[in-house]
Amino acid sequence: MFPILAGRVPALVRPSNASHGRSTYLALWRTASSASAQSGAQPRNPLFSKVLIANRGEIACRIIRTAKKLGVKTVAVYSEADRHSQHVKLADQAFLIGAAPSAESYLRMDTIIEVAKQSGAQAIHPGYGFLSENSAFAEAVGKAGLTFVGPPQQAIIDMGSKSASKNIMEAAGVPCVPGYHGAAQDLETLSSEAIKMGYPVLIKAIKGGGGKGMRIVEKPEDFEEMLGSARREAIKSFGDDAVLVEKYLVRPRHVEVQVFCDTHGNAVYLFERDCSVQRRHQKVLEEAPAPGLSEELRKDLGEKAVAAAKAVNYVGAGTVEFIFDTDDQKFYFMEMNTRLQVEHPITEMITKTDLVEWQLEVASGNMLPQLQNELTINGHAFEARIYAENPNNNFLPDTGRLTYMSTPAETADCRVETGVKMGDEVSVYYDPMISKLVVHGRDRDQALRALRIALADFHVSGLHTNIEFLQALASHPAFEAADVETGFIPKHEAQLLPPREAAPFKILALAALGAIHVPTGASTTKRDPWASLGSFRINGPPTRVIRLRDEDDKEVKVAVAASRDGEANVFDVSIVTPAGEPVGPAQRVRLIDASTTTTGATSVQNLTVEMEGQSGARVLVHTAAGIHVLGDGTDRAYMLNHPPAPGATADAAGGAAAGLLKAPMPCKIAHVVVKAGDKVVKGQTLVVLEAMKMEHVVRAPADAVVARVPVTAGAVVAEHATLVVFETKAE
């Protein structure tokens, strides 16, 4: 019924790794066996022989890695858009379950359960997102005779409703943020409650998570629009548009506690994580443990988190999230995520544990590998989420092919958690996260230095990323001082997102040198690519002029001339006017080494040059669109486009000026607000877009009259597709 990828050899543990992985595993269980004997619990159960992973991307790969270490076979499921994804290649078996949209693949409960039964899997691991916190799925898995690697259905129900969970927490003595958690969902009731508690307020989807279905409302007149937006996003992500309204704390920290419970009555906390640095209500840079907490406060947080878990008879991995008021040093229960968190690796780093292994053990009916008195904090860890997005354009997500990707070397203190590799596509249908970069150090200062070094070694080309933004975050004095809050990014926006500078001379010179000769076809060359410099001459020496367009859309011409004294691999480089006249004196550039690898339409060059009295190496990625000069750890990356031929039409950037608005990214049309003939005012909502499961509002750039709207709700459009056309004076 479901196609299986044929010829897959079961990916069991390699002998060289099996001994180490198994010895660690057995050592953990000597401790658990001792505790089990003292408590009179049953002997340890064997692990599942095969587990289906009802997820994709990075988390699926993460689960597969631990399963291989333990000798557990894995079954992957995939959509049509994920046929070539890494989790499909890594698993022992893989089944196609539907089309690209999540509703037609990764959210199809019956199909996933049928695949599990067909493949012989004994358990289903949901990962995070998708069906991981769906109580109906957990129930259906159990009814099918399979094990759900997660908490009991009722615990998901109790904690899945943000309003009901707060009532349970208040009864358990866990402090909660003031707010409205009632059943009435009409606009009048919700807006009235918001006025009672005082603005600003926070609208949150009752079954939400990951920042989806969440809106901050600053003033009453914005409440209705924000409520509608939150509800639309909630229904698409969780199938439920019910919301709660809470008082929004102005300077809070987001501190969460990792908890773990088994079926033998044991419950522990594996300390806390600080996830305050966020954009669009989504975490982007996390650390463990949370800085600045006293041991008394840390213990109180952990014990309150365990109390929260016990209040709902929790089993498995969970995270209890708190809002920590920086002004009065008090914390309030926010929600409990009944699954493994994206940021779980930093907890693993500081506790020397494997939480996926713990999940499989507990789901098999075994005791926790370690009890509370055996858990300690070892050093400090950071996790930086590498996203395909443009921080300089309101963090809008980006999609496309990873034409180049180079990551830091992995060690015991540096992990690169990813589900993609160079050449893969980042799809419009799923989350835009490329990777999680996780580092560990003996203390916060050392870990932060390690993070900066690792970020400088992480390079991506082909789409926008937030890598340089993360570097700015990790280097900001306030972050270094651990002065963090959920408003950290907007508070320091001017320093974190400064205006883009024009490419300096050395970058233009490198790009021009690289562009002079790029071999075609799949090949690797290491030779003198400058022998065919060309015959154009300025006052004698052979010269080539390279046309480039910088990030301010300004065209620049760079002249590269062979050395006048005939010295090999030495060039005189200068910026020239449109007429070819030098703007200033030429600078001498010595090529020390050059190698180029070309595959299809992409060429990757490694250039080492001596320029301006310094020697340095840079990587250049050449595509049909332009040249990406990657950062070198001391200087940022630059994208230099090839300008259109003379007479070519203007690009999408000029769309608004031409009387139309274009899509800023590949996306789905979620909601069309206007129609032809409507008069709109500046700032009015015109179209609502959806990309990577998040909504983006397109507003009128000025007062105008709508001539036509060539898109409809539900349509999937490409970047730069026309969304709205306005009437012009000529019309």
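Throughout this tour, a residue is called buried when its relative accessible area is under 20%, exposed when that area is over 50%, and partly exposed in between, as computed with a 1.4 Å probe on protein chains only. What is open in the viewer is a predicted model, in which local features need pLDDT of at least 70 and side-chain atom pairs count only at pLDDT 80 or more, while totals for chains, interfaces and linings use all residues. Residues are numbered from 1 along each chain as its sequence is written, and side-chain values use heavy atoms, with hydrogens and water left out.

Begin by selecting cysteine 275, which counts as buried because its relative accessible area is 0%, and then cysteine 261, which is also buried, at 3% relative accessibility. If a disulfide is taken as a pair of cysteine sulfur atoms within 2.5 Å, the count for this model is zero.

Helix H9 has 16 residues and reaches 21 Å from its first C-alpha to its last, close to the 22 Å expected, where the expected span is 1.5 Å times one less than the number of residues. Among the buried residues of H9 are Phe223, Leu227, Arg231 and Glu233. Just after H9, glycine 239 takes a positive phi of about 75°.

Now turn to the aromatic rings. Rings of Phe, Tyr and Trp (its six-membered ring) pair if their centres lie within 6.5 Å, and planes under 30 degrees apart count as stacked, over 60 as edge-to-face and the rest as tilted. The model has ten aromatic pairs by this rule. One of them joins phenylalanine 260 and tryptophan 358 edge-to-face, with 5.3 Å centre to centre and 70° between the planes. This pair links distant parts of the chain, since phenylalanine 260 is in strand S10 and tryptophan 358 in helix H12, 98 residues apart.

Then select phenylalanine 382 and phenylalanine 479, whose ring centres are 5.9 Å apart and whose planes stand at 50°, so the pair is tilted. Phenylalanine 382 lies in strand S15 and phenylalanine 479 in helix H15, so this pair ties together parts that are 97 residues apart in sequence. Both residues are buried.

Notes: Helix = DSSP H or I, 4+ residues; strand = E, 2+ residues; numbered from the N terminus.
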